[in-house]
Amino acid sequence: MTAMPADVSVRDLLADIETLVRCESPSSDHEAVARSADAVTALGRRLLDAEPDRIVIDGVTHLRWRSGGTPRVLLLGHHDTVWPLGSLETHPYSVQDGLLRGPGCFDMKAGVVMALHAAAATGNPAGLSILVTGDEEIGSPSSRRLIEEEARGCDAVFVLEASADGGALKCRRKGVSRYQVDVEGRAAHAGLEPEKGVNAGVEIAHQILALAALADPERGTTVVPTALRAGTTANTVPARASVAVDVRVWDEAEQSRIDQAVRELRPVLAESRIRISGGVNRPPLQAEASSALFGLATSLAADGAIRRRHRAACHFAGSGSEHLGISAISKGGSPL
């Protein structure tokens with residue numbers, strides 16, 4: 001890759017961010033994600049004078065630039081968002097009173113733009129890899145192996161998601177587990193013979209209460225039932241129900257405790273059945289993993305090269321792609 005001149009202004013950055021934000025890219029819409037990949041490709045082509053590897057896995061489009069040689073530093077990000085198509089109509093792109101708004105601008109299209117501009121400004125030294133995935137918001141199901149393989153052997157992984165308050169560098173993150181609980185009951189007419197049914201909706205309600213009780217606020221452990229489905233019609237005893245569960249923990253012992261407890265759930269209603277799927281998605285990231293790079297950032301700040309930084313712990317999983325990359329770094333490497 002040959003870098004373009006680095007005389008970039010805030011206006012230039014905002015223009016590029018606007019281009020990406022206006023190209024909506026909900027994770028579940030593969031065509032929209034492919035269009036977003038086109039927009040990111042065009043930006044990278046202009047800044048880096050290079051075409052990326054376009055990697056499509058299970059219909060999801062990921063992009064990778066390599067500057068030559070064995071990757072030693074990885075800039076990692078994603079271009080998919082949680083926002084459904086049409087969100088621009090209700091949340092239009094804008095810059096007002098020093099605030100940038102728009103679907104996906106915070107997480108993490110502004111970061112993608114900054115990563116590409118940063119790479120261009122450094123002259124793309126040998127050993128630099130840039131990976132922008134398209135399914136981070138749903139747990140990186142198709143990109144997980146790609147991320148781990150790209151990060152393995154790197155000395156450092158930098159993720160250009162938004163900083164914590166005050167520009168703090170994120171050096172610690174919660175681990176994530178994701179589950180789905182499926183309940184099977186028996187349908188019956190709700191008005192004529194409800195007693196012949198086994199109400200999956202009632203059973204899933206019992207399971208939701210049991211799941212929520214596993215949380216431990218003092219340890220920072222959250223267990224949150226999220227997407228819920230039950231029943232087919234208003235006059236039928238539900239034969240099936242399901243709930244998704246989001247778990248966040250600070251330490252592996254808590255992650256193991258929750259995992260065991262979820263798998264030990266048992267039906268409450270006679271003749272109902274439950275099935276548990278999912279499990280640990282990412283282990284917790286401890287601050288020690290990034291202490292070396294944080295020390296480097298601090299020393300640079302002390303020399304006046306950058307504004308002095310402080311560190312922060314992150315209560316959410318943040319970029320799944322960054323977490324996977326960090327876990328894949330060989331011994332001696334550092335994430336930040």
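What percentage of the 336 residues in the chain is made up of buried residues? Buried residues come to 47% of the chain, where buried means under 20% relative accessible area, exposed over 50% and partly exposed in between (1.4 Å probe, protein chains only). This is a predicted model, so to speak: local features need pLDDT of at least 70, side-chain atom pairs count only at pLDDT 80 or more, and totals for chains, interfaces and linings use all residues. Residues are numbered from 1 along each chain as its sequence is written, and side-chain values use heavy atoms, with hydrogens and water left out.

**View 1. Asp53 pairs up with Arg64 in a salt bridge.** That term covers a side-chain nitrogen of Lys or Arg within 4 Å of a carboxyl oxygen of Asp or Glu. Here the closest N and O atoms sit 3.3 Å apart. Asp53 is in strand E1 (residues 53–57) and Arg64 in strand E2 (residues 60–66); strands (E, at least two residues) and helices (H or I, at least four) are DSSP runs, numbered from the N terminus. Arg64 is buried at 15% relative accessible area, while Asp53 is partly exposed at 34%.

**View 2. Helix H5 (residues 144–151) carries Glu150 among its buried residues.** Leu146, Ile147, Glu148 and Ala151 are buried there too. After H5 comes Gly153, with a positive phi near 95°.

**View 3. Arg275 meets Asp182 in another salt bridge, at 3.4 Å from N to O.** Arg275 lies in strand E12 (residues 273–282) and Asp182 in strand E9 (residues 175–184), so the pair ties together parts 93 residues apart in sequence. Arg275 is exposed at 52%, but Asp182 is buried at 16%.
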